[in-house]
Amino acid sequence: MHRFLLTPRWWGINVFVALAVPFCLFMGSWQLGRFEDRVDSHREATAERPDEQVAAPLDSLLPVDTKTSGRLASTAGEYADQMLVPERRLDGESGFYVLTLLKTDSGKAVPVVRGWLPGAADPAKAPAPPTGRVEVTGALQSSENSGTKGVHSRGGLPAGQLGVIGAASLVNIVPYDLYNAWLTVQTPADGMIPVPAQAPTNTGLDLKAFQNLGYTGEWFVFVAFVLFMWFRLYRREVETLRDAEAGLVPEAAPAAPAPEPEPSGGAASRA
């Protein structure tokens, strides 16, 4: 009854199923792992920092990751170039960041967001940075990129304005080495409003995270579909064989006999 499973046709079907099922299970498990990683990173990024957190040296917290993002970092040096970061929203209101580059004692510079002011970016509104050597403590943030929410990545900004906070956008503007991170001061002066620390990119439960979860379901559905189709073909094959054994399958009609060729001389005799 089941010898049909050894036919070349069924060998091909069985090999396909044997390869497709583990492949779909692997892909589904991989997508599920991606989703779980995003959940874990989101939990780490949004975990509350203790109020009595002690600031750590900047270099000890680099490179920025989900554990060090938002941590208080301290460094010292002298303020240098100051720029404005326009079109930044805070509490539903549009304004701009006041960003000043701090040349640290290590010789590298780190962008420091000293605070936020409402309205259009105007250098006259931005307080001048302190002079001389200063010690700065701020929440550590990873460099922004064109995909970071809220950045101005279209270009065309006036001189002295910066759309994306990061070493990649500053490397051709300032003549010194840069840290691949930035600080946001949590106790700004001169009437500026502190810019809260943000979770690093690709750590939230955003659309991409739920896409991974949706792909997980799709791959497991493919497994069920492959097994269902194999079982359906198998059952139909078994039913066909049983019907044939019971004589329920109609026999094929005999082919009509081919007409016999006429003798070569028949046409001449009739003529």
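The sections below take up salt bridges, aromatic pairs, charges over rings and a surface patch, in that order.

## Salt bridges

The structure is a predicted model, and a search of the whole of it finds four salt bridges. Side chains of opposite charge can pair when their charged atoms come close.

In one of the four salt bridges, glutamate 237 pairs with arginine 9, and the closest N and O atoms are 3.4 Å apart. Glutamate 237 belongs to helix α3 (residues 207-245) and arginine 9 to helix α1, so this pair ties together parts that are 228 residues apart in sequence. Both partners are partly exposed: the relative accessible area is 23% for glutamate 237 and 47% for arginine 9.

## Salt bridges with buried residues

Arginine 88 and glutamate 144 meet through their side chains in a salt bridge, with 2.9 Å from N to O. Because arginine 88 lies in strand β2 (residues 72-90) and glutamate 144 in the loop between β5 (133-142) and α2 (167-170), the pair ties together parts that are 56 residues apart in sequence. Arginine 88 is buried at a relative accessible area of 4%, and glutamate 144 also counts as buried, at 13% relative accessibility.

A further salt bridge joins aspartate 190 to arginine 114, where the closest N and O atoms are 3.8 Å apart. Aspartate 190 is found in the loop between β6 (181-184) and α3, whereas arginine 114 is in strand β4 (residues 109-118), so the contact ties together parts that are 76 residues apart in sequence. Arginine 114 counts as buried, with 6% relative accessibility.

Tryptophan 10 counts as buried at 1% relative accessibility, while tryptophan 230 counts as partly exposed at 25%.

Phenylalanine 23 and tryptophan 219 have ring centres 5.6 Å apart and planes at 85 degrees, so this pair is edge-to-face. Phenylalanine 23 is in helix α1 and tryptophan 219 in helix α3, and the pair therefore ties together parts that are 196 residues apart in sequence. Phenylalanine 23 counts as partly exposed, at 46% relative accessibility. Ring pairs also link Trp10, Trp230 and Tyr234 into a cluster.

## Charges over rings

Arginine 114, which forms a salt bridge with aspartate 190, also lies over the face of tyrosine 79, at 5.9 Å from the ring centre. Lysine 108 lies over the face of tyrosine 179, at 4.6 Å from the ring centre.

## A nonpolar surface patch

Leu6, Trp11, Val15 and Leu19 form a nonpolar patch on the surface, and together they have about 450 Å² of accessible area. Leucine 6 is placed in the segment before α1 (8-45), and this residue is exposed, with a relative accessible area of 60%.

How values were computed: Residues are numbered from 1 along each chain as its sequence is written. This is a predicted model: local features need pLDDT of at least 70, side-chain atom pairs count only at pLDDT 80 or more; totals for chains, interfaces and linings use all residues. Side-chain values use heavy atoms; hydrogens and water are left out. Patches are made of residues with over 30% relative accessible area and no salt bridge: like charges are joined within 9 Å, nonpolar side chains (Val, Leu, Ile, Met, Phe, Trp, Tyr) within 5 Å. Accessible areas come from the Shrake-Rupley method with a 1.4 Å probe; for residues, only the protein chains shown count as cover. Helices (H or I, at least four residues) and strands (E, at least two) are DSSP runs, numbered from the N terminus. Buried means under 20% relative accessible area, exposed over 50%, partly exposed in between (1.4 Å probe, protein chains only). Rings of Phe, Tyr and Trp (its six-membered ring) pair if their centres lie within 6.5 Å; planes under 30 degrees apart count as stacked, over 60 as edge-to-face and the rest as tilted. A charge sits over a ring if NZ of Lys or CZ of Arg is within 6 Å of the ring centre and within 35 degrees of the ring normal.
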